[in-house]
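Hi,

Here's the structure I promised to pass on. Have a look, and my notes on the charged residues follow below.

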Amino acid sequence: MLWAAAGVATLGFLVALECVARGYGLPGPITHHAREVVFAPDSGPLLYAGLALSMVVLTWRQRLVAAGAAIGIDVAFFLVRWAAGAEMNFGNGALWVVLGIAVVAVTRRTGAERLLLLKGAGLGLLLVAGHKTGDTWLLITSKTRPTVLDPYVALADHALGDPSWLAGRIVEATEPIGPFLLHVVYGQLPLAAALVGLYQLRHVAVERRFPAHHLVRTFLVIGLLGPAVYMVFPVVGPVYAYGADGGAWAVGHLWPDVLPSIGAPQPIPFDGITPRNCMPSLHTAWAVTLFVHTRKGSRAMRWAGTFWLVATLSATLGFGYHYGVDLVAGVVFALTVEAAMRSLAHGWDRSATWLVAHGTVVFTVLLVAYRRLPQEMAAYPWAYGPLLLLAMASVVHGYLRTTARWGTTAAPEPHREPQPPQPRPEPV
């Protein structure tokens, strides 16, 4: 019932976004997803990442068949497009195979085996749909929010010592190696998450069930909930509002060399193209969850998770995509969502409820302070800077304390009736 309710809610959300996007004359996530069945996909690697997630429910023999079918279909599409002189890309085969897994589940499987295959196909489709949904959200923010609140955030950022301006100068000083490395890390965060997710789901094919909680769940929920905050608090970032990338819409080409002089902050008009996707920093939120989920992996995985977190935070600030206060909000947002998702798997108790409530309150207070108290925050950085860090630290501490208690208290296993032996699944 829970999976059915989640599926209906997700479908309703996608339909709603499709309708809103159509109202602005733009294709929505459903249209984007459907056209990739035949037309050249926007992101082939993303579709194959979705296929990889779907294949965690298959045996090794079935995986080889699925991968071969995906590559064969892509080769056929490539030859047809080459002959017709059409746009070239790959990934259709991966999408076809994911849909094929869902068809096989409905037509040739029953009971628990059908549900497992549908979960696998749904996970792969949700990964792609989540990306399409994010793109639609960003388009909607640029069309519906003609003004941005960057002066408020830039002023509040004085409380933290304007870290984006400092990081921007450091990144410029490390050219060309520093910017190149940070661009790779920043752009390949979804790939890193997919690898960690595949590691966590590596036993699904043998155990014939998904773990109670894994990274992909939190990643998807952050991607679905985060953009809603963009609509409430539209911000484009220092490289656009105060840098050369903002063009004629920028207040001035100041970042990262000169701090802007801001009196009484006011919303400023901005173009209808640039996404208002800064508050909170979702790259920070995703990197934090990646870091959290690598803590129980191998030493190499723990080091990789730490590296990805530090490099992502450096990139968000050093490229001028975010202010420091965006990152503080992103950490609080990530741990609150992660705590809620873990609670759904572990079971809600008083400590979990208080943690999620506390994180929600802290996140709300941060947004209100950035909007209503930026001048005070800039005037008294010695007071507001430590308060911001203490507020974030309180959520981190609550998360560590609560999850440590979960680690010593195993969640009760649901009662399962004895099942008769099931025949070995046929190859897909």
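Let's start with D74, which touches Y48, F90, G91, N92, G93 and A94, leaving aside residues up to four places away in sequence (contact here means heavy atoms within 4.5 Å). Before going on: this is a predicted model, so local features need pLDDT of at least 70 and side-chain atom pairs pLDDT 80 or more, while totals for chains, interfaces and linings use all residues. Numbering runs from 1 along each chain as its sequence is written, and side-chain values use heavy atoms, without hydrogens or water.

D74 is buried and has no salt bridge; R81, the nearest side chain of opposite charge, is 5.5 Å away. Buried is under 20% relative accessible area, exposed over 50%, and partly exposed in between (1.4 Å probe, protein chains only). A salt bridge needs a Lys or Arg side-chain nitrogen within 4 Å of an Asp or Glu carboxyl oxygen. What does the side chain of D74 reach at 3.0 Å? That's the backbone nitrogen of G91.

By the salt-bridge rule the count is four. Among them:

- E18 and R22 pair up at 3.2 Å, N to O, and E18 is buried at 10% relative accessibility.
- D271 and R276 have their closest N and O atoms 3.8 Å apart, and both residues are buried.
- R342 and E338 come to 2.6 Å between the closest N and O atoms. R342 is partly exposed at 22%, whereas E338 is buried at 0%.

Cheers

Definitions and conventions. Lys, Arg positive; Asp, Glu negative; His and termini not counted. Polar contact = N/O pair within 3.5 Å; in protein donor to acceptor, adjacent residues only side chain to side chain.
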